[in-house]
Amino acid sequence: MMINKELVLTYLYILIYILLSSGVILYNKWVLSPKYFDFPFPITLTMIHMGFSGVVAFFLIRVFKVVAPVRMTWQIYATCVIPISAFFASSLWFGNTAYLHISVAFIQMLKALMPVATYLMAVTCGTDIPRCDVFLNMVLVSVGVVISSYGEIHFNIVGTLYQVTGIFAEALRLVLTQVLLQRRGLTLNPVTSLYYIAPCSFLFLLVPWLLLEQPMMQISQIQFNFWIFFSNALCALALNFAIFLVIGRTGAVTIRVAGVLKDWILIALSTVVFPESAITGLNIIGYAIALCGVVMYNYLKVKDVRASNQLPVENIPERAIKDWKLDKKSYDHYSDDEKNVNHIVGNGGSGGGSISDPGGDEEAPLLPATRLSHIGRTLLKNTQGLVDKY
């Protein structure tokens with residue numbers, strides 16, 4: 001029996017993504033929780049992540065020159081990167097603060113609201129249009145989350161508000177990424193996105209840190225273990241690259257399916273790692289209802305993308321080459337000296353200008369989504385070969 005090495009490698013990437021994503025969330029909870037490592041400073045932890053990611057990206061780009069930087073003007077930085085960084089920093093701040101008040105399992109259930117928040121922000125900003133079928137899915141998701149919240153034993157209004165606020169901040173960041181970056185043709189891979197966004201996010205977090213956490217750290221006996229925070233930041237950085245590998249290998253749809261699987265695994269695993277986070281039957285029923293809405297939402301978005309991209313069979317090779325040349329022309333406009341580097345567009349939007357990403361991991365500032373998956377790139381190579389022959 002022949003083993004498909006490409007398929008095995010794809011599943012390996014997905015497994016690494018699930019392990020890293022779950023590990024980062026559980027690790028953050030363990031570090032912040034007063035019952036375990038007892039470092040109740042979520043802004044400080046987020047700043048450590050941003051500082052570490054920014055330094056690594058700087059060395060990869062400026063010192064080792066593994067990746068070439070894009071041509072970033074001050075106008076683009078001020079009008080695009082800074083607003084996106086502000087909402088990215090806010091989503092991480094509020095999301096990490098929620099770990100102090102509510103369980104990991106309940107946080108994952110609340111994250112089912114992500115497509116609701118994203119759709120509302122997209123309609124508000126004019127990048128999507130109101131639709132009855134999508135609206136019904138949003139109602140289904142909301143009802144499921146309400147039922148799940150009602151069944152939560154240790155319900156905490158403060159933690160819930162922090163998490164929901166973080167979700168809406170992340171949704172607005174996704175919309176801004178599409179509106180401000182993608183429509184300008186600017187492409188960023190995980191390294192360049194961290195290079196530009198991580199330092200800016202660090203500076204945004206500096207203000208609330210000075211006001212809220214720095215005075216508390218002076219009077220409290222905090223424990224600072226270098227290896228704990230280094231490994232924690234390293235896992236967060238590795239997660240960003242894992243998302244890049246999975247999407248580059250399979251596509252954005254696969255990362256969503258893997259994300260749903262990861263959520264179920266994480267909910268079950270969190271009850272083992274943190275025994276105090278009990279799950280009730282009403283939690284599961286509510287989350288299952290919400291998940292049905294999320295799955296239907298993803299199905300509608302994928303269906304829209306396929307409908308907008310349908311082409312006659314005889315025109316596929318010509319259209320593929322045309323799209324490739326247009327991408328190359330746009331790419332060369334922003335980075336002439338990056339001929340051999342594949343750039344990945346962050347947070348790919350669906351057809352018709354809508355946002356199709358229902359959620360993202362906390363440590364991925366510009367969740368990369370390639371226009372062509374591994375299979376698509378293979379098709380493109382074949383069509384290029386056919387054109388060359390004729």
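1. The lining of the second largest pocket is made up of six nonpolar, five polar and four charged residues. In this count Ala, Val, Leu, Ile, Met, Phe, Trp, Tyr, Cys and Pro are nonpolar, Asp, Glu, Lys and Arg are charged, and the others, Gly among them, are polar. The second largest pocket holds about 240 Å³ of space. Of its 15 lining residues, Lys29, Lys35, His101, Ile102 and Glu276 are the closest to the centre. A pocket here is an open set of points on a 1 Å grid over the protein atoms alone, where a 1.4 Å probe fits, with protein on both sides within 12 Å along at least five of seven lines; lining residues have an atom within 4 Å of a point. The volume is the space filled by probe spheres set on the points.

2. The model is predicted: local features need pLDDT of at least 70 and side-chain atom pairs pLDDT 80 or more, while totals for chains, interfaces and linings use all residues. Residues are numbered from 1 along each chain as its sequence is written, and side-chain values use heavy atoms, without hydrogens or water.

3. The protein has 13 helices and zero strands. Helices (H or I, at least four residues) and strands (E, at least two) are DSSP runs, numbered from the N terminus. Of the 390 residues, 50% are buried; buried means under 20% relative accessible area, exposed over 50%, and partly exposed in between (1.4 Å probe, protein chains only).

4. At the start of helix 7, a side-chain oxygen of Asn156 comes within 2.9 Å of the backbone nitrogen of Val158.

5. Ile228 belongs to helix 9 (residues 226-249) and is buried, at 17% relative accessibility.

6. Two non-glycine residues with positive phi deserve a look. Asp38, with phi near 60°, sits in the loop between helix 1 (5-32) and helix 2 (42-63) and is partly exposed at 35%. Lys65, with phi of about 55°, sits in the loop between helix 2 and helix 3 (74-98) and is exposed at 62%.

7. The model has zero disulfides, a disulfide being a pair of cysteine sulfur atoms within 2.5 Å. Cys125 is partly exposed, at 40% relative accessible area, whereas Cys200 is buried, at 6%.

Conventions. Polar contact = N/O pair within 3.5 Å; in protein donor to acceptor, adjacent residues only side chain to side chain.
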